[in-house]
There are 2 protein chains.
Amino acid sequence: MTPQVIEPVSHESLAVVLQVREDRLCVLLWQRAQSPARGCWALPGGLLAVGESLESSIQRHLAAKVDVAELAHLEQLETRSDPSRLHGHRLLATAYLGLIPIDAEPAVPDDTCWHPVDALPPLAFDHAELVAAGCERLRSKLSYTNIGFALAPATFTISELREIYRAALGHEISASNLSQVLLRRQEITPTGGARRPGPAGGRPAATYRFCTRTLEVTDRFAVLRPPAPATSGS
Amino acid sequence: MTPQVIEPVSHESLAVVLQVREDRLCVLLWQRAQSPARGCWALPGGLLAVGESLESSIQRHLAAKVDVAELAHLEQLETRSDPSRLHGHRLLATAYLGLIPIDAEPAVPDDTCWHPVDALPPLAFDHAELVAAGCERLRSKLSYTNIGFALAPATFTISELREIYRAALGHEISASNLSQVLLRRQEITPTGGARRPGPAGGRPAATYRFCTRTLEVTDRFAVLRPPAPATSGS
DNA sequence: CCAAAAGTGTTGAATGTACACCCATGG
DNA sequence: CCATGGGTGTACATTCAACACTTTTGG
């Protein structure tokens, strides 16, 4: 309709990196030392380089903040393009969701630290919305995929897994129901091993592991599923 | 790690526009008259202009192909950034999913027409994957949101709605179960009116409409839901 | 032998599919 | 009065939350 100049535009990748720390879901943020938004906290990321995909870009920039080998899962969230998202500066941003297992303890630079998602400091630009979108994506996928593998250690007890789910979902979870659901869906399986009880005693806890450590949908088509195939007798 | 030149890059918006036509889910495609991918079919879209958001961009480009007022729903799908997605040309693409109600009959240019998604011609670049992603998004959301409103006319009988769901999902749906589910979820409501029976007779069909025509999640948290609040025994 | 932690089983509610049955209309 | 399409109700299966009960350890 209205004639408009067409020209290339700068593009950045950002990451909402989540990890459960001290029973709370936390996001990795760094504090801006320079204008704009000086002093505000921001998501890690940076500009897209020539010949680079967005996924490579976010991995490259994340490497400056954490050991990307610790990333158990990475998926694209959404792309923001509001011309005013950076107060007049023109910059598109594609956000990713990254997950780090609870037992990883990546070293981070001085300007970077973890913040509980339910007690965030003032965030730069539209980063607060992106954190919210990342948490929402994680919470949804916890209920219909095996994405818990990306927050959990290699082996764990049901109690430990329950702490992780509780922190990520933000509400209580029954340990017995959790194991029932995840076992029936064949997301987790017993390792055969057990954990020694604590000083207060108690029955030793069996250890489990996720059957696969890549994303799988375990509850597809809750409703409006295809009709059952005629059960061939015999 | 590896030092790389950073510079702006061109960006396009693309749309997977879906409509049920003659009982089949169809996607809007136009045929490329010029190289590259000459003769191949492609998704509508075009380059992002200065000072424009991606959402504005896709609406502007779509306006050249269809009446955007017919679009009942538009949402972002994903952003593709593989440097080789255009055979060496560097161009990012953000894809959108657009839905058009069955009773809209938008005029389209000569180079543009509707193709059933289960019988696609050769598509340019990565457009086939984007069509698949759009269909998958639609099918998933049909089972846990009210997104059917964007494919259905303002009022409809259960039989008509069943045809739409069947075409979109790609499998049979029972009319009685469909109405049961959608009524219980309060997605649809009877209008009070009825449709005259056809020449073969039959009971007049009651007409319904969607309660709201904006996207709402109607089946959130199939599992791992928060504990029931203590019922305050009044 | 008792408290604490873990695991198992049962119950009841909700949801969904399949299917039988009843209703209204045109010929 | 019967065929045809539309609508309602019931039976059954599955899934899940809630909770009681049992098991295994440390003191």
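Modeller: Here is a walk along the surface near DNA strand D. This is a predicted model, in which local features need pLDDT of at least 70 and side-chain atom pairs count only at pLDDT 80 or more, while totals for chains, interfaces and linings use all residues. Residues are numbered from 1 along each chain as its sequence is written, chains are lettered from A and ligands numbered from 1 in the order in which they are written, and side-chain values use heavy atoms, with hydrogens and water left out.

Let's start with the surroundings. DNA strand D has 25 residues around it, and the closest are R184(A), R185(A), R203(B), A206(B) and A228(B); a residue is near the strand if one of its heavy atoms lies within 4 Å of it. By class, these are eleven nonpolar (Ala, Val, Leu, Ile, Met, Phe, Trp, Tyr, Cys and Pro), six charged (Asp, Glu, Lys and Arg) and eight polar (the others, Gly among them).

Next, the elements, where helices (H or I, at least four residues) and strands (E, at least two) are DSSP runs numbered from the N terminus. At least two residues each come from α4 of chain A, and from α4 (175-184) and β10 (205-210) of chain B. The most come from α4(A), with three residues.

Bases are reached by S176(A), with a polar side-chain atom 3.0 Å from a base nitrogen, and by N177(A), with a side-chain N or O atom 3.0 Å from a base nitrogen.

Terms used
A polar contact is a pair of N or O atoms within 3.5 Å; within protein, one must be able to donate a hydrogen and the other to accept it, and residues adjacent in sequence count only if both atoms are side-chain atoms.
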